[in-house]
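Biologist: I would like to learn how to read a structure that is new to me, taking one feature at a time. Could we begin with the overall fold and then work inward?

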Amino acid sequence: MTAAHPPRYLRTPDAARRVGLSPRTLEKHRCYGTGPSYRKLGGRVVYAIDELDAWVELGRRSSTSDPGVGTVHPARRGLA
């Protein structure tokens, strides 16, 4: 990333809307370590848009038998 194209960040409500989850579910993913990477800026949690999109892509499948390239775990304890 260059200075001419700084990364864009979203706070939790906007990040959750982008990936189709509730903000609370995204918070649970953060607590359990099953969600996208995030950053703490002061007291705020922000997500880089490209990292959100990459996390969503881990769940891409073309059929029910497609193993895919990664796994997006549910927001539950003990799955990270």
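Predicted model: local features only at pLDDT ≥ 70, side-chain atom pairs only at ≥ 80, totals over all residues.

Biologist: Which pattern does the protein chain follow when read along the sequence?

Modeller: Read in that direction, the protein chain follows the pattern β-α-α-β-β-α, and its secondary structure comes to three helices and three strands. Among contacts between residues at least 6 apart in sequence, 49% join residues at least 24 apart. Buried residues make up 22% of the 80 residues in the protein chain.

Biologist: Which residues make up the largest nonpolar core?

Modeller: The general idea is that, in soluble globular proteins, nonpolar side chains tend to be buried together. Here the largest nonpolar core has 10 residues in all, namely L10, A15, A16, V19, L26, V45, Y47, I49, L52 and W55. At least two residues of this core come from each of α1 (12–19), β3 (44–48) and α3 (49–57).

Biologist: How should I read the burial of a helix, and which residues of α1 are buried?

Modeller: The general idea is that an α-helix has 3.6 residues a turn, so residues three or four places apart point the same way. In α1 the buried residues are T12, A15, A16 and V19. These residues lie on the same side of α1, because they cover an arc of only 100° around the axis. What covers them includes β1 (9–11), α2 (23–32), β3 and α3. Just after α1 comes G20, which takes a positive phi of about 80°.

Biologist: Which residues of α3 are buried, and what covers them?

Modeller: The buried residues of α3 are I49, L52 and W55. Seen down the axis of α3, they fall within an arc of 125°, so they line one face of the helix. Their cover includes β1, α1, α2 and β3.

Biologist: Turning to H29, is this residue buried or exposed, and what does it touch?

Modeller: H29 has its place in helix α2, and it counts as buried because its relative accessibility is 5%, where the cut-off for buried is under 20%. Leaving out residues up to four places away in sequence, H29 touches L21, T34, G35, W55, H73, P74 and A75.

Biologist: How many aromatic pairs does the structure hold?

Modeller: The structure holds one aromatic pair. The rings of Y38 and Y47 have their centres 6.2 Å apart and their planes at 55°, so the pair is tilted. The two partners can also be read by their accessibility: Y47 is buried, with a relative accessible area of 1%, whereas Y38, at 37%, counts as partly exposed.

Biologist: How many salt bridges does a search of the whole structure find?

Modeller: The general idea is that side chains of opposite charge can pair when their charged atoms come close. A search of the whole structure finds five salt bridges. One of them joins D53 and R18, whose closest N and O atoms are 3.0 Å apart. D53 lies in helix α3 and R18 in helix α1, so the pair ties together parts that are 35 residues apart in sequence. Both residues are partly exposed, D53 at 32% relative accessibility and R18 with a relative accessible area of 44%.

Conventions: Residues numbered from 1 in each chain as written. Heavy atoms only, no water. Core = buried A, V, L, I, M, F, W, Y, C linked by side-chain atoms within 4.5 Å. Buried < 20%, exposed > 50% of the residue type's maximum accessible area, 1.4 Å probe, protein only. Helix = DSSP H or I, 4+ residues; strand = E, 2+ residues; numbered from the N terminus. Arc of directions from axis to C-beta. Contact = heavy atoms within 4.5 Å. Phe/Tyr/Trp six-rings, centres within 6.5 Å; stacked < 30°, edge-to-face > 60°. Salt bridge = Lys/Arg side-chain N within 4 Å of Asp/Glu carboxyl O.
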